[in-house]
Amino acid sequence: MKAPAANGFAIDLPGSLAAERSGEIALLRLARPGKRNALDDAMIFGIERFFTALPEDIRAVVLHGEGEHFSAGLDLSELSERDVAAGIAHSRSWHRAFEAIEFGRVPVVAVLHGAVVGGGLELAAAAHVRVAERSAYYALPEGSRGIYVGGGASVRVPKLIGVSCMMDMMLTGRTYGAEEGLALGLSQYLVDDGAGLAKGVELAKRIAANAPLTNFAVMHALPRIAEADPAAGYLMEALMSAIAQGDTEAKARLQDFLQKRAPKVAHK
Ligand code: 1HE
């Protein structure tokens, strides 16, 4: 189904995904509450299409879920028919979709509530900033379902909480609540129930106000530098830094500060 033109997106999305525009911000909603936003193939391919075909004027995205839960993860009803080769292809399709988020064109803020489990946590982990409502809880129940993560969790989740915490979640079925998730690094923000979307949009607007080249560097250079050997990392940082400061937008912003037109840095 094509998203209605009134939304400003000419991207084919299934009925289980809903896109909206708020100025320079795009909102993508998991809209399958009857199945607790379980992620089926149509949603995964829709997510990939959405993030690869975002209009040029969109500068940040907010990803959120409809109903009581962010996402119950993989649609388990699709699992039983797959053989090994199809299983590999399926996992790779999730990798492509979530790469389109993590290494896409603009930063993504995920707003989490209720169950953020299995593939739902893998999806959230591909975003750049996570806001959790108090109802959010995190789990990797793949162990108890007799399967293994396939949407990038082995790579992304240890970067947030470490290998040992992820092992514990998968081996023992341990869950974490929203406050624990904040302390561990699963989310960067914790807000009251019902306040997540407004906070997500507020953060996305701040992100959209950055120079695009800075956002590019944070999304694409920072994670690679952090994984590079230090010598290559320092060199890459120096190059990225020089490229960013050479941009006319950086020069204009620095002049604004020197002419006392720009806000000071304050801690509220
Ligand atoms: C589903 C799914 C699903 C719900 N696939 N249909 N994920 C899990 O192991 C989590 C499984 N889900 C749950 O534990 C619970 O559904 C929730 C805690 C998320 C929500 O509970 P609740 O009481 O609000 O809902 P419900 O009654 O359990 O579910 C409502 C409907 O959604 C029901 O269908 P219905 O036709 O009987 O109404 C459920 O069957 C359906 N539903 N979750 C399919 N996941 C790339 S690899 C990633 C690997 C994984 O993600 S493994 C983790 C899978």
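Predicted model: local features only at pLDDT ≥ 70, side-chain atom pairs only at ≥ 80, totals over all residues.
**View 1. Who sits around the ligand.** The shell around the ligand holds 23 residues, and Lys35, Arg36, Ala72, Gly119 and Arg145 come nearest. By type, the shell residues split into ten nonpolar, seven polar and six charged. As for where they come from, at least two shell residues each are supplied by strand S5 (115-117), helix H3 (119-125) and helix H4 (142-145).

**View 2. Ligand oxygens and the protein backbone.** Which residues put a polar backbone atom by a ligand oxygen? Gly119 is one of them, with a distance of 2.7 Å between its polar backbone atom and an oxygen atom of the ligand. For Leu74, the distance from a polar backbone atom to a ligand oxygen is 2.9 Å. Gly34 also belongs in this view, with a polar backbone atom 3.4 Å from an oxygen atom of the ligand. As for cover, the ligand has 1,000 Å² of accessible area on its own, and the protein covers 66% of that.

**View 3. Inside the largest nonpolar core.** This core counts 51 residues, and Ile47, Phe50, Phe51 and Tyr138 are the ones with the most contacts inside it. Zoom in on Phe50: leaving aside neighbours within four places in sequence, its contacts are Phe9, Ile11, Leu13, Ala19, Ala26, Leu28 and Val61. Another core lies apart from this one; it has 14 residues, including Ala60, Val109, Val131 and Val191.

**View 4. Val131 on strand S6.** Val131 belongs to strand S6, which spans residues 129-133. Is Val131 buried or exposed? Its relative accessible area is 0%, so Val131 is buried. Not counting residues up to four places away in sequence, Val131 touches Val109, Ala110, Val111, Leu112, Tyr189, Val191, Gly196, Lys199, Gly200 and Leu203. For a sense of scale, Ser71 is 60 residues from Val131 along the chain, and their C-alpha atoms are separated by 14 Å.

View 5. Start with His64, found in strand S3 (residues 60-65). His64 counts as buried because its relative accessible area is 9%, under the 20% cut-off. Beyond its neighbours within four places in sequence, His64 is in contact with Leu27, Leu28, Arg29, Leu30, Phe70, Val111 and Leu197. Then move to Ile44, which is found in helix H1 (residues 41-52). At 1% relative accessibility, Ile44 is buried too. Where does Ile44 find its contacts, once neighbours within four places in sequence are left aside? They are Leu39, Ser93, Trp94, Ala97 and Phe98. Pro14 is 30 residues from Ile44 in sequence, with 9.8 Å between the two C-alpha atoms.

**View 6. Met236, partly exposed on helix H10.** Helix H10 runs over residues 230-246 and includes Met236. With a relative accessible area of 32%, Met236 is partly exposed; that value falls in between the cut-offs of 20% for buried and 50% for exposed. Which residues does Met236 touch, not counting those up to four places away in sequence? The set is Arg224, Ile225 and Ala228. Leu222 is 14 residues from Met236 in sequence, and the C-alpha to C-alpha distance for this pair is 9.3 Å.

Methods. Residues numbered from 1 in each chain as written. Heavy atoms only, no water. Near = heavy atom within 4 Å. Polar contact = N/O pair within 3.5 Å; in protein donor to acceptor, adjacent residues only side chain to side chain. Areas by Shrake-Rupley, 256 points an atom, 1.4 Å probe, with all protein chains shown as cover. Helix = DSSP H or I, 4+ residues; strand = E, 2+ residues; numbered from the N terminus. Nonpolar A, V, L, I, M, F, W, Y, C, P; charged D, E, K, R; others polar. Core = buried A, V, L, I, M, F, W, Y, C linked by side-chain atoms within 4.5 Å. Buried < 20%, exposed > 50% of the residue type's maximum accessible area, 1.4 Å probe, protein only. Contact = heavy atoms within 4.5 Å.
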